[in-house]
Amino acid sequence: MKYASQKVALAYFLVAMALFAIQVLGGLLAGWIYVSPNTLSELLPFNVIRMLHTNSLIVWLLLGFFGAAYYLVPEESERELYSVKLAWIQLAILVVGTLGAVVSYLVGIHGGREFLEQPLWVKLGILVAAVIFLVNISLTVLAGRKTAITNVLLMGLWMLSLLWIFAFINPSNLSLDKMYWWFIVHLWVEGTWELVMAAILAFLLLKLTGVDREVIEKWLYVIVATALFSGILGTGHHFYWIGLPAYWQWIGSIFSTLEVAPFFAMMSFAFLMVWKGRRNHPNKAALLWSLGSSTVAFFGAGVWGFLHTLHGVNYYTHGTQVTAAHGHLAFYGAYVALNLAIFTYAMPVLRGREPYNQVLNMASFWLMTGGVAFMTFVLTFAGTIQTHLQRVMGDYYMDVQSQLDLFYMMRFGAGVAVVLGALLFIYSLLVPGRELVAQGKAEQAPEGGAA
């Protein structure tokens, strides 16, 4: 660790991992309700469990982004953070807001808009926290060295925060409501978050491979250009069926197909940098997560997104389990795995230790990735059957659901693997390995004595 102020990132990572555990456990419970629908139906209804699952996902990913920024910006800018105190205040606001949202959901208070269910005071708290973050990071970057990584990261985080303003706009017209809603949901995950992902991935590859900064920066700008070019108008694939003009069917279809490009570029970028660098970095686990993130993101966001983004296909598949398959693999690859990559790289540094428990960490990668991949295949098959029976043949929704029980049971099994992998990941980062325990005892032993 080069700068003392980087230490604040550790607190963000720890809170994010706690929410990560809650998120996957909530997802497992939701998956079981598909198998046994009356589970906790009176005590904890499915809609509340789903809100906790999706909201905790978004919050812990954002905390990971903020922590990553607080870790990498001082190194890139070659100076301490503008204010560590502001970073702690921001974290406190986010934690209080998260707890407040959870309590509100449990007592039936929520906004009703999917992913934006937070009460108004929580939304305002998130906005205040975002402003504090932007001031802190921007002043740090402006006073220090400017690099392509910090430029792209700041662009992504500024746009992310500004788009949050649409969370406060809730018009009575349903078409306008959905349009503004997609301005946040789509332009976050298929626009600004891609810039954040590209910046963090570039930083990791710079550290892990030893490739020249100039080479990495050129790739970074290409990825950013393709992400913005395709992602902004690609929002149109959500406008097909919400009352907007028919020309969005063509604009949405054309630009949505191009959204594969930035993810393919990121995957190519990651593997090419590792090949060019040929550096034997001691943190093999962080390198595995970095390569895995870019690869799974390409398949989840790129390939599975392309499968049903054209309006002629989306007409039948929208809102089926095909959508769930795409969403799970895309989020896991693009953002979950990336956050776990920066945690794996930075936490040993922040705690003043060499990378440890790498075998367990890499095992958690394969367990989680295998679980999410199997879940994706299962949901894809379930969605294909659902599309044919429900949307083509016209069978009733509940009649179709009863024929998908086997797929839901397999999806639950995949969820168990994901939860075990997540808990193993957290254990691997927080608990020192045997060799480090032995090393610590040896260092503490008196001179000439036995450890």
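Helix 14 hands over the largest share of the lining of the second largest pocket, 4 residues. This is a predicted model, where local features need pLDDT of at least 70, side-chain atom pairs count only at pLDDT 80 or more, and totals for chains, interfaces and linings use all residues. Residues are numbered from 1 along each chain as its sequence is written, and side-chain values use heavy atoms, with hydrogens and water left out.

The second largest pocket has a volume of about 220 Å³. Helix 1 (8-35), helix 14 (397-402) and helix 15 (405-430) each give two or more residues to its lining; helices here are DSSP runs (H or I, at least four residues), numbered from the N terminus. Among the residues lining this pocket are Tyr34, Phe46, Gln401 and Asp405. By class, the lining splits into 7 nonpolar, 2 polar and 1 charged residues.

As for helix packing, the axes of helix 5 (residues 148-163) and helix 7 (residues 213-234) lie 9 Å apart at an angle of about 25°, which makes helix 5 roughly parallel to helix 7 (angles under 35 degrees count as such). Residues in contact (heavy atoms within 4.5 Å) include Val152 and Met155 from helix 5, and Leu220 and Val224 from helix 7. That contact comprises 9 nonpolar, 1 polar and 2 charged residues.

Helix 10 (residues 284-307) and helix 13 (residues 358-392) have axes that come within 10 Å and cross at roughly 10°, so this pair is roughly parallel too.

Definitions and conventions. Axes are lines fitted to C-alpha atoms, for helices over the stretch in contact, and angles run from 0 to 180 degrees between N-to-C directions. Angles under 35 degrees count as roughly parallel, over 145 as roughly antiparallel, 65 to 115 as roughly perpendicular and the rest as oblique. Ala, Val, Leu, Ile, Met, Phe, Trp, Tyr, Cys and Pro count as nonpolar, Asp, Glu, Lys and Arg as charged, and the others, Gly among them, as polar. On a 1 Å grid over the protein atoms alone, a cavity is a set of points where a 1.4 Å probe fits but cannot get out, and a pocket is an open set with protein on both sides within 12 Å along at least five of seven lines; lining residues have an atom within 4 Å of a point. Grid points are joined across faces, edges and corners, and a volume is the space filled by probe spheres set on the points.
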